[in-house]
Amino acid sequence: VAAAVALGATACGGGEIGAQTSENASAAASNAASDCADMNMAVNPWVGYEASAYVVGEVAKSKLGCTVNYKDLKEDVSWQGFGTGEVDVVIEDWGHPDLEKKFVKEMGGDGSATDGGPNGNKGIIHWYVPPWLATEYPDILDYKNLNKYADKFKTSESGGKGQFLGADPSYVQFDEAIISNLGLDFKVVFSGGEAASITAFQKAEKNKEWLIGYFYEPQWLFAELPLKPVALPPYTEGCQDDPAKVACDYPETVLKKFYSTKWAGKADDPGVKLVKAFQWTNEDQNTVAKYISQDKMSKEDAAKKWIEENPDKVDAWLK
């Protein structure tokens, strides 16, 4: 959530599967003595996804003796890896019906991907403004009033229109269509990724700058900076079916796991059992994401800290 955010000035992501693997050689010895096969974990470019991926991966390594390969990939590239064996797990999907139709058998696809059900997180995407702006101009929280303030949002990159800050263009987003179909005098300018969007919102609040943009939960930033959503026409079933005609808000999304059908068929593999059992809350994810983004911990150390602090939740996944 979308997705990813956000999630440097650009998100981690990639287009080459083969060049994106980080081997976990330290688990090789224990893996030889275990029943756990390798786990190829896609890591999509936002910190919340990283939190989920590394917690599952570190549990698989430390508790089950698995070898976990983390692969920094954008969402669509991750799905392409299901059929080749390059990717086993996408731990957080924000809804890609186009990819499901291509890769999930029940949706008419080639059957290389399997729907793993909810991962426990709920994805919420909205247009947001910094708190100071909502306080001083409360009517800005209705999209119908945005054109009145469009001049305030102009930047050198927005071509004489108000700037709308997009995130990573690979995320699930319809902002250009929404702006066009609602007749708004704005232009989408992409930040490039989650970290850049976070920095922009923090700066806008601190300096009382005019900013409106795409953002999402779960995301640790909301604990520090309660961004305020702008009300768009409410989401209704089918209002996003044609990307060119979208003129509605984003839906609340039950985030899911997807995995390689072949890999998931190893019913006795403890790594497979772990991924199938994994569920946690937005609060859980935000905690680990904060360790990574705000406390500057490595992804591995952040995951280990949460695992040590939540033994009951981890044990429930391993039963």
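1. The link of Cys 239 and Cys 248 is right-handed, with 80° about the S-S bond. This is a value from a predicted model. The two sulfur atoms are 2.1 Å apart, which falls within the 2.5 Å cut-off for a disulfide. Both partners are placed out of solvent: Cys 239 is buried, and so is Cys 248.

2. The other bridge joins Cys 36 to Cys 66, with an S to S distance of 1.8 Å. The link of Cys 36 and Cys 66 is also right-handed, at 100° about the S-S bond.

3. Are Cys 36 and Cys 66 buried or exposed? Cys 36 has a relative accessible area of 4% and is therefore buried. Cys 66 is at 0% relative accessibility, so Cys 66 counts as buried too.

4. Taken over the protein chain, the count comes to two disulfides. Counting bonded cysteines along the chain, the pairing pattern is 1-2, 3-4.

5. Helix H12 spans residues 299-309, and its buried residues are Ala 302, Ala 303, Trp 306 and Ile 307. Seen down the axis of H12, these residues fall within an arc of 135°, so they line one face of the helix.

6. The largest pocket has a volume of about 950 Å³. Its lining comprises 31 residues, and those nearest the centre are Gly 95, His 96, Pro 97, Phe 174 and Gln 240. Helix H3 (75-80), helix H4 (97-103) and strand E10 (253-260) are the elements that give two or more residues to this lining.

7. Which element gives the largest share of the lining of the largest pocket? H4 does, with five residues. By residue class, the lining of the largest pocket divides into 14 nonpolar, seven polar and ten charged residues.

How values were computed: Residues are numbered from 1 along each chain as its sequence is written. This is a predicted model: local features need pLDDT of at least 70, side-chain atom pairs count only at pLDDT 80 or more; totals for chains, interfaces and linings use all residues. Side-chain values use heavy atoms; hydrogens and water are left out. Buried means under 20% relative accessible area, exposed over 50%, partly exposed in between (1.4 Å probe, protein chains only). Helices (H or I, at least four residues) and strands (E, at least two) are DSSP runs, numbered from the N terminus. The arc is that of the directions from the helix axis to the C-beta atoms. On a 1 Å grid over the protein atoms alone, a cavity is a set of points where a 1.4 Å probe fits but cannot get out, and a pocket is an open set with protein on both sides within 12 Å along at least five of seven lines; lining residues have an atom within 4 Å of a point. Grid points are joined across faces, edges and corners, and a volume is the space filled by probe spheres set on the points. Ala, Val, Leu, Ile, Met, Phe, Trp, Tyr, Cys and Pro count as nonpolar, Asp, Glu, Lys and Arg as charged, and the others, Gly among them, as polar.
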